[in-house]
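Let's take a look at this one together.

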Amino acid sequence: MAHHELIIHPLVLRCVRVQAVVDLTPRMRRITFTGPQLGSFTRDGLTLPPFAAPGFDDHVKLIFAADADVDSVLPAQLAGGIEWAPSDTRQGRDYTPRRFDPSSLQLDLDFVMHGDGPAASWARNAEIGDDLWFAGPKSSTVLPEQIDWVLLAGDETALPAIARFLEERPTTAPVRAVIALTDRAAQQSLTLRPEDRVEWLIAEEADDTALADRVAAIPALNGVPYVWAAAEARALLPVRRLARTLGAPKSHVNITGYWHRQSEREQESGSGQPSALPDAPLDWFALRAALRIGLLDALAGGATHADTLAADLSIPRAHLQPLVELLAQRGILTADEHGAIGLDRLGEALCEDEHAKEHYVGFEADQALSLAALPESFGSGSSAWTITHGSSLRATVERDAEHYREFVAEASGLPHVLTGLAEHPVWGRGAPLVITGPGALEVGAVLHRETGARVTIHEKPLPLAVLRDEADGLARGFLFEDALPAQQHLAVTALALAHRNDDEAVDLLRSLSASAPAAVLIERLSPDGLSPAAGAAQGLLDLASLGVPTRTPEAVVRLAESAGWSVQRRRKLGWGIESVELTAAPPAQ
């Protein structure tokens with residue numbers, strides 16, 4: 001579950017117009033936008049809320065098109081969110097609202113004027129009267145209550161957020177700030193209090209350690225710090241470690257890579273992409289082995305001699321050596337002639353990125369491994385997952401807490417598409433609901449808060465224990481039951497079908513009728529258009545995992561009907577997720 005308390009905003013697509021252009025420094029341009037769509041407005045019969053960005057580091061997504069045809073890449077506006085369609089030309093960039101005045105409907109965005117990306121190029125040529133489309137913000141982070149002092153760190157791209165923090169003061173705690181610039185001319189005047197301290201650091205853009213070194217030199221104040229940092233992604237890796245040494249709990253740490261620097265090889269190739277972890281089959285298995293034996297974790301504290309490392313891992317040095325040599329060639333590890341082994345840049349990045357690790361260990365990796373049995377699965381009546389693991393994916397999940405925990409973590413993004421859910425009349429007021437699936441906590445929290453629903457979370461014993469552990473105050477007052485309760489107003493699934501094959505999905509849907517005369521499915525029924533390349537890949541993974549390609553909305557409707565339900569209404573919520581309202585079908589005559 002998320003460690004930060006968030007304010008969720010309805011996702012709205014807006015068009016604004018350039019009102020003023022001012023160069024704050026030779027490297028930073030402020031563009032002021034205005035327009036009626038910064039207030040409440042209507043589009044396609046929908047009444048949409050006014051713009052709001054209460055958080056100092058909120059982000060809006062600016063929308064551009066490589067072929068300049070912006071209209072063709074815009075998302076569709078839904079009642080409670082937006083839906084992105086696949087596009088090969090869409091270019092999106094995230095920016096921090098520097099200032100918003102709701103009375104004059106003026107919005108300031110600050111652009112760093114270097115590079116040739118779509119946003120910087122647009123800002124360089126912006127003129128009064130030009131239009132700009134954007135969406136968001138989708139959420140705002142609420143600062144925790146107990147903050148004794150604040151550490152802010154970043155480069156030029158972080159200046160708008162840092163400056164806004166110092167002006168608006170979401171906490172009265174004293175501030176220590178380090179801001180890295182490549183040019184002294186980029187320095188700006190900041191709003192400071194007597195107890196604040198700000199250090200301006202001039203460093204080469206390619207210097208990955210300058211920011212962290214200066215942050216490490218700041219004397220820590222007494223008490224619990226709040227650590228916020230934003231800069232080039234790899235420069236922040238040591239800052240993350242420093243946050244831990246300062247004793248900042250996860251709820252008090254917000255560190256975000258705003259951009260990625262290209263290596264010389266990437267610049268020469270023109271790939272435009274940051275360095276990536278190697279993914280050839282041999283490299284994938286080598287990284288998987290390194291993570292599973294704890295090799296990278298053992299090196300997280302610093303370089304270690306090969307003999308010590310082998311002893312700590314209980315692996316013969318001769319067996320460890322070829323793995324180390326390969327990973328050193330791939331930029332994951334470093335190894336010198338004296339036997340010292342450490343983490344290289346990509347290894348450090350992997351240690352800090354739990355999501356990236358899932359590509360090599362955990363459910364995502366197990367999905368990939370099941371592809372090896374795909375040929376045997378064709379026409380066999382069994383999925384590749386079943387052939388590989390000896391049971392269906394759902395049966396595996398019922399006895400593997402870590403896999404289910406990954407599903408629950410993935411569902412933590414659900415609130416961003418649930419902003420209009422409670423307005424649907426199907427819920428009633430204060431009605432008893434039973435909800436099942438990895439997204440049960442998120443859906444239940446929204447419905448309980450907005451409708452007063454009495455929520456029971458249902459799952460099999462082990463997944464239920466995971467949900468209970470992950471509730472973390474989100475589900476106060478919820479009941480947790482491994483048996484379906486009777487006499488419910490509605491039965492709800494929350495991403496419960498994604499890890500069930502067709503027979504298991506029908507069994508679940510049929511069982512829900514024992515709880516309630518109506519049901520609502522909240523499921524992903526189409527790919528998210530922001531990741532069009534994932535569509536075909538996900539289809540193959542679903543085929544391996546479930547024995548069927550990614551289900552279409554029509555396929556889900558057929559499953560519901562075969563389980564004895566009649567579809568009353570479908571509503572798009574955004575990001576490919578829909579709610580499907582069901583009632584018990586009348587018995588056949």
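A disulfide here is a pair of cysteine sulfur atoms within 2.5 Å. This is a predicted model, in which local features need pLDDT of at least 70 and side-chain atom pairs count only at pLDDT 80 or more, while totals for chains, interfaces and linings use all residues. Residues are numbered from 1 along each chain as its sequence is written, and side-chain values use heavy atoms, with hydrogens and water left out.

Q: How many disulfides does a search of the whole structure find?
A: The search covers the whole structure. The count of disulfides comes out at 0.

Q: Is Cys-15 buried or exposed?
A: Buried means under 20% relative accessible area, exposed over 50%, and partly exposed in between (1.4 Å probe, protein chains only). Cys-15 has 16% relative accessibility, so this cysteine counts as buried.

Q: What radius of gyration does the protein chain have?
A: This value is taken over C-alpha atoms, and the globule rule is 2.2 Å times the number of residues to the power 0.38. With 589 residues, a compact globule would come out near 25 Å. The protein chain agrees with that, at 26 Å.

Q: Which residues touch the most other members of the largest nonpolar core?
A: A nonpolar core is a set of buried Ala, Val, Leu, Ile, Met, Phe, Trp, Tyr and Cys residues joined through side-chain atoms within 4.5 Å. The largest one holds 53 residues, and those touching the most other members are Trp-427, Ile-435, Val-443 and Ile-457.

Q: Which helix gives the largest share of this core?
A: Helices (H or I, at least four residues) and strands (E, at least two) are DSSP runs, numbered from the N terminus. The largest share is 5 residues, and they come from residues 440-451, which form helix 17.

Q: How many residues are in the second, separate core?
A: Its members include Leu-287, Leu-323, Leu-327 and Ala-365. The size of this second core is 27 residues.

Q: Where does Gly-576 lie, and is this residue buried or exposed?
A: Gly-576 sits in the loop between strand 27 (565-574) and strand 28 (577-584). Its relative accessibility is 1%, so Gly-576 counts as buried.

Q: Which residues is Gly-576 in contact with, leaving aside neighbours within four places in sequence?
A: Contact means heavy atoms within 4.5 Å. By that rule, Gly-576 is in contact with Glu-83, Glu-523, Arg-524, Leu-525, Ser-526 and Pro-527.
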